[in-house]
Amino acid sequence: MKFNKLTRIVGANLRSNAVHFLLASIGVIVGIAAFAFFLALGAGVRSVVLGKIFPLDQLEVVAKTLSLDLGPLSLGMASDVLDDASADKLRTIPGVRGVYPKMKLTVPAVAVGGKQLIGNDLRTELIVDGIDPGLVADEIGPAFHDPPAVTPGSQPQSCKQDKECGAGYCGRPREGGPTLVCREYVPALVSHHLVEIYNGSLRRAYSLPRLNPEFLIGLSVEMKVGASMVEASARDALLYERVKLVGFSDKAITLGLTLPRGYVAGYNVHYGTPEAATRYHSIVVKVVAKDQVAAVAKAIQEQGLEVTDSGAEQAGMLITVFVLVFSLLSTIIVGIAAVNIMHVFFMMVYERQREIGIMRAVGASRGDIRLIILGEAACVGLAAGTVGVLLAWAASVGFDAVSANYVPDFPYKPTTYFMFTWDLVLLALGFAAGFCVLGAWLPARRAARMDPAAVLTGR
């Protein structure tokens, strides 16, 4: 039977039995709506958790350490730092796209600022680490850079106002002094985590205003390297810097400031020894593809190093289990609906025996009869699947609206919890059509086996 003729017959049968098909498709609609809803919810939550909170395209490597616990103290029994040799070994691992050493600031530091935002300056102890600018070159660009080379014998320009210093600022010399000179801002990055924690919790505790991250770029604060709120930790001589926020990145430290590694190395050397410039506290390894992460992690461990546990694997597993459980429930609903579809088609085959007999008498083959019945079931499934997906989408819009208006802010609260992709929609439609065709298979097989002579003579 030609396709266009088959289409006309199926369309006519659907119109003449619309009520039966509508009642039969209710279960499919409910099941597919639940199926699409939970799959989209799982995909949306996964994109937030594994895309923003736990990036999966990178690993952070640390030295394997030994420690001895003595009551509340834990004494290190081995070095917890890495060097250039460790970085070179990591570059030889297949699947590694880039190796970027990180360095912690090993002296205390204090930040003072914020008056332009909240009316008063805040003073806080700083946690600072330094990263290679190449790690964030794609997302931040040249604004995040190591300190420029200093020409021997050059003297800073004296000034009275910021406008005399171009892109820099007019401030006290690095090591203090009464004369103001032109200085360059130290570029800094902040993690999205820090902003989310502030907006979700800290601002309420201290009655501070909510911050809009987009308008924080360019904000500057004074950093005093060597200063500390812990009097015993403060250094006698301080270094004065002006730090400017140039971007937000998931590569930045969770709680604190991230500076270019060159600046942090300079501070560590100033208060320590020249060897401090080549002592790294961790190394970020970027992987070519996410499916190579496990192999790269194993190779790292074989080198005697450790990969820090970000929690991504556990979070991904929990999300997968959540989606599987609710998808299974949705599948059961659709399966029950398929049984109902089978009953409806058995009833319709019985009512249409004479019609089927006439079609067989005028030349329709058994395969044609099967195609007609299964075509009707597929159309019912596609229609029910479409309605189910639309219901799921409408429910997601309502869910997001309730969350936006009635659920208090929390870290990483998304604007939408759902991700409806074309893959998901096609899967849902195929799922609905497949179950309906499966339910109609036995009725179609029975209809195809009818003897036209017996049906037309009533024997």
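User: Is Cys436 buried or exposed?
Analyst: Cys436 is buried, at 0% relative accessible area. Buried is under 20%, exposed over 50%, and partly exposed in between, using a 1.4 Å probe and protein chains only.

User: And Cys379, what's its relative accessible area?
Analyst: Cys379 comes out at 34%, so partly exposed.

User: What kind of model are these numbers from?
Analyst: It's a predicted model, where local features need pLDDT of at least 70 and side-chain atom pairs count only at pLDDT 80 or more, while totals for chains, interfaces and linings use all residues. Side-chain values use heavy atoms, leaving out hydrogens and water, and residues are numbered from 1 along each chain as its sequence is written.

User: OK, disulfides. How many in the whole structure?
Analyst: The search finds 2, taking a disulfide as a pair of cysteine sulfur atoms within 2.5 Å.

User: Which residue does Cys159 pair with?
Analyst: Cys170, with S to S at 2.1 Å. Cys159 sits in the loop between helix H5 (137-140) and strand S8 (169-171), and Cys170 is in S8, 11 residues apart. Helices (H or I, at least four residues) and strands (E, at least two) are DSSP runs, numbered from the N terminus.

User: Why is that one right-handed?
Analyst: Because the torsion about the S-S bond of Cys159 and Cys170 is about 100°.

User: What about the link of Cys165 and Cys182, left-handed or right-handed?
Analyst: Left-handed, with -75° about the S-S bond. Cys165 is in the loop between H5 and S8, and Cys182 is in strand S9 (residues 181-183), 17 residues apart.

User: What pattern do the disulfides follow?
Analyst: 1-3, 2-4, counting bonded cysteines along the chain.
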